[in-house]
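Let's take a friendly walk through this model, with the pocket and the helices as our stops.

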Amino acid sequence: MTPVHFSFSSAFILGLMGLAFHRTHLLSALLCLEGMMLSLFVALALWALQFESTSFSTAPMLLLAFSACEASTGLALLVATARTHGTDRLQNLNLLQC
């Protein structure tokens, strides 16, 4: 495994571990998701450059578009939960409560 592949895979694993173990606030969970998406974007972009094919060049841009949609939805949910519950702590959110 090359050092470039190791760095992007370790960045993705660190984001995944941060999402799994340190999910006290919704904002920290969203930041971990964005870090994972950023490492996937850079890895896909380097993969497309490595193969020098035009058919792979649209995959990073498509991933970046979905990442922007995910970020805007996450921020909208963050604002909505902060307004209704007064905080963004994930322990205070109860999905069974209306």
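Which element gives the largest share of the lining of the largest pocket? The answer is H2, with six residues.

## About the model

This is a predicted model, in which local features need pLDDT of at least 70, side-chain atom pairs count only at pLDDT 80 or more, and totals for chains, interfaces and linings use all residues. Residues are numbered from 1 along each chain as its sequence is written, and side-chain values use heavy atoms, without hydrogens and water.

## The largest pocket

The largest pocket holds about 160 Å³ of space. A pocket here is an open set of points on a 1 Å grid where a 1.4 Å probe fits, with protein on both sides within 12 Å along at least five of seven lines; lining residues have an atom within 4 Å of a point. Helix H1 (3-21) and helix H2 (26-51) each give two or more residues to the lining; helices are DSSP runs of H or I, at least four residues.

Among the lining residues are Val4, His5, Phe8, Trp47 and Gln50. By class, the lining has seven nonpolar, two polar and no charged residues.

## How the helices pack

H1 and H2 have axes 8 Å apart and pack at an angle of about 160°. That makes the pair roughly antiparallel (angles over 145 degrees).

## Annotated spans

The unreviewed UniProt entry annotates residues 6-22, 29-49 and 61-80 as "transmembrane region". Residues 29-49 are 100% helix, with end C-alpha atoms 31 Å apart. Residues 61-80 are also 100% helix, and their end C-alpha atoms lie 29 Å apart.

How values were computed
Grid points are joined across faces, edges and corners, and a volume is the space filled by probe spheres set on the points. Ala, Val, Leu, Ile, Met, Phe, Trp, Tyr, Cys and Pro count as nonpolar, Asp, Glu, Lys and Arg as charged, and the others, Gly among them, as polar. UniProt positions are given in the numbering used here, feature names are shortened, and annotations may be inferred rather than shown by experiment. Axes are lines fitted to C-alpha atoms, for helices over the stretch in contact, and angles run from 0 to 180 degrees between N-to-C directions. Angles under 35 degrees count as roughly parallel, over 145 as roughly antiparallel, 65 to 115 as roughly perpendicular and the rest as oblique.
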